[in-house]
Amino acid sequence: MFSAFIGNLFKDKPDQDRFARKFMDAVRGNGYPDELEYEADSFRIRHANGSYFNLHNAYHAYLGAPRGQQRKTLQSFSRLLGIHDNDEAMSWEQVRPLLRPLVRSITQLEELMLHHAEQEGWDASPLQLQYRRLSEECVELLAVDHPDHTATLTRGPEEAWGIDFEQALAVARANLRQSPDTPFVEVMPGVYQAAWADAYDSSRALLPDLLHRVPVAGLPVFMLASRDVLLVAGEGDLQGQAHMLELAANAFNDGRVISWEVLRYDEGRLHAHALATAELRERQRQLRLELDANAYAQQMQSLDRVHEKHAEDVFVANFMLHTEEQRSLCAWTEGVVSSLPRTDRIVLVTPGDGQEADMLVVDWEQAQPVLGHLLQEDSRHIHPPRYLTLGFPDAQMRAQLQAL
């Protein structure tokens, strides 16, 4: 414990601007030849062809890494920007053995969509992303496994390969199944973790027969905490599930988070697993709040840039947390066209004439029969969801809400 304290004390803890400089130095050290421009207000780097690399995940992972692993973490992220893929020039015969499936957070696709909207506007043709939705938070993507990096094919297989997305995923899963059979390692009593350490640990969740060989109590339930952390426990082992939730919380510090969900297979189909006790469900809810807060914060930054660039007068409401009650809130102000995140509660704000504003806090679900017609789900977003306001609840509606 003392050595961990000392290690943390002497870790490098740069501010965002200094980290950006370190990151660009690492990218240059990888031989990246093109221009790099750091945009401090959005904490991202503009690079070749007007593309952007957001630094949030890399920064979070760098700060969370042990002192001796920080340089390795920096190099791992910097290589992602320094890669110039040439997958479109590969033939089907060349690429077939290299295809792999990836499990990622669906918020990664949201980032791509919002970047496209910033560059081209909402009215431009949308990106043609190809993915398979696995759960509320998880998607399956196609990738090419190069010797020194993984190239994610967010738009699916190249047309010249002559196969569709589903066919390519089938090949990718078959290739993954052929990798060496490494056992899962017990990391806490009743909890096992995938130990391949080959950038595809989370992808092993796509192979249910592999999960069923893990020696847990009852059928396996699992969490895709991050890209490199697949955790498995038994459906009948509640203590193991509690340990799994805590290990997932620790893994979130990696900066490559996938999901807060606990999942299972039933007759070969992936489903959310309902945790058996109120304590476990509450811990899972807290993990979800943490990830939702991070996802909405990044989404809000991107949306603000879209609205600023294209002169759209829409207030992007923040996803707020009431720390004592562990409940989420957003503010909806009369007379302000707003984009609201999905929260536990809504704060209805009625500005006063020279006086303090009147505020009414309502439960989102309970309020829907009264004010739901004034909220329109914004179909331009993939995840997390947002709602556009269509007016504001009048005095009669607010009185109804106050009586709930």
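Which residues of H9 are buried?

1. **Basis.** This is a predicted model, in which local features need pLDDT of at least 70 and side-chain atom pairs count only at pLDDT 80 or more, while totals for chains, interfaces and linings use all residues. Residues are numbered from 1 along each chain as its sequence is written, and side-chain values use heavy atoms, with hydrogens and water left out.

2. **Helix H9, burial.** The buried residues of H9 are Gly240, Gln241, His243, Met244, Leu245, Leu247, Ala248, Ala249 and Ala251. Buried here means under 20% relative accessible area, with exposed over 50% and partly exposed in between (1.4 Å probe, protein chains only). Helices (H or I, at least four residues) and strands (E, at least two) are DSSP runs, numbered from the N terminus. The buried residues of H9 pack against strands E8 (185-188), E9 (191-193), E10 (220-226) and E11 (229-234), and against helix H10 (278-309). Contact denotes heavy atoms within 4.5 Å.

3. **Helix H9, geometry.** H9 comprises 14 residues (238-251), and at 1.5 Å a residue it should span 20 Å; its end C-alpha atoms are 20 Å apart, which agrees. The expected span is 1.5 Å times one less than the number of residues. At the start of H9, the backbone nitrogen of Gln239 has a side-chain oxygen of Asp237 within 3.4 Å.

4. **Strands E4 and E6.** Seven of the seven residues of strand E4 (residues 99-105) are buried. Leu99, Pro101, Val103 and Ser105 point one way from E4, and Arg100, Leu102 and Arg104 point the other way. E4 and E6 pair in the antiparallel sense over seven bridges; two strands are said to pair if DSSP finds at least two bridges between them. Within this pairing, Arg104 stands opposite Val139 in E6.

5. **Val139.** Val139 belongs to strand E6 and counts as buried because its relative accessibility is 0%. Leaving aside neighbours within four places in sequence, its contacts include Leu102, Val103, Arg104, Ile106, Tyr131 and Leu134. Val139 and Thr107 are 32 residues apart in sequence, and their C-alpha atoms are 9.5 Å apart in space.

6. **Ala143.** Ala143 also lies in strand E6 (residues 138-145), and its relative accessible area of 0% makes it buried. Beyond neighbours within four places in sequence, Ala143 is in contact with Leu98, Leu99, Arg100, Leu102, Thr150, Ala151, Thr152 and Leu153. The C-alpha atoms of Ala143 and Gly156, 13 residues apart along the chain, are separated by 8.5 Å.

7. Strand E15 (residues 320-322) pairs with strand E16 (residues 327-333) in the antiparallel sense over three bridges, and Met320 has Leu329 as its bridge partner in E16. The two strands form a hairpin with four residues between them, and Gln326 in the turn has a positive phi of about 55 degrees. E16 also pairs with strand E18 (residues 345-350), in the parallel sense over five bridges; there the partner of Cys330 is Ile346.

8. **Gln298.** Gln298 is located in helix H10 and, at 16% relative accessibility, counts as buried. Its side chain makes a polar contact with the side chain of Glu111 (3.0 Å). A polar contact is a pair of N or O atoms within 3.5 Å; within protein, one must be able to donate a hydrogen and the other to accept it, and residues adjacent in sequence count only if both atoms are side-chain atoms. Leaving aside neighbours within four places in sequence, Gln298 is in contact with Asn54, His56 and Glu111.

9. **Second largest pocket.** This pocket is lined by 15 residues, of which Arg288, Asp292, Ser328, Arg342 and Asp344 lie nearest its centre. On a 1 Å grid over the protein atoms alone, a cavity is a set of points where a 1.4 Å probe fits but cannot get out, and a pocket is an open set with protein on both sides within 12 Å along at least five of seven lines; lining residues have an atom within 4 Å of a point. H10 gives the most to the lining of the second largest pocket, with five residues.
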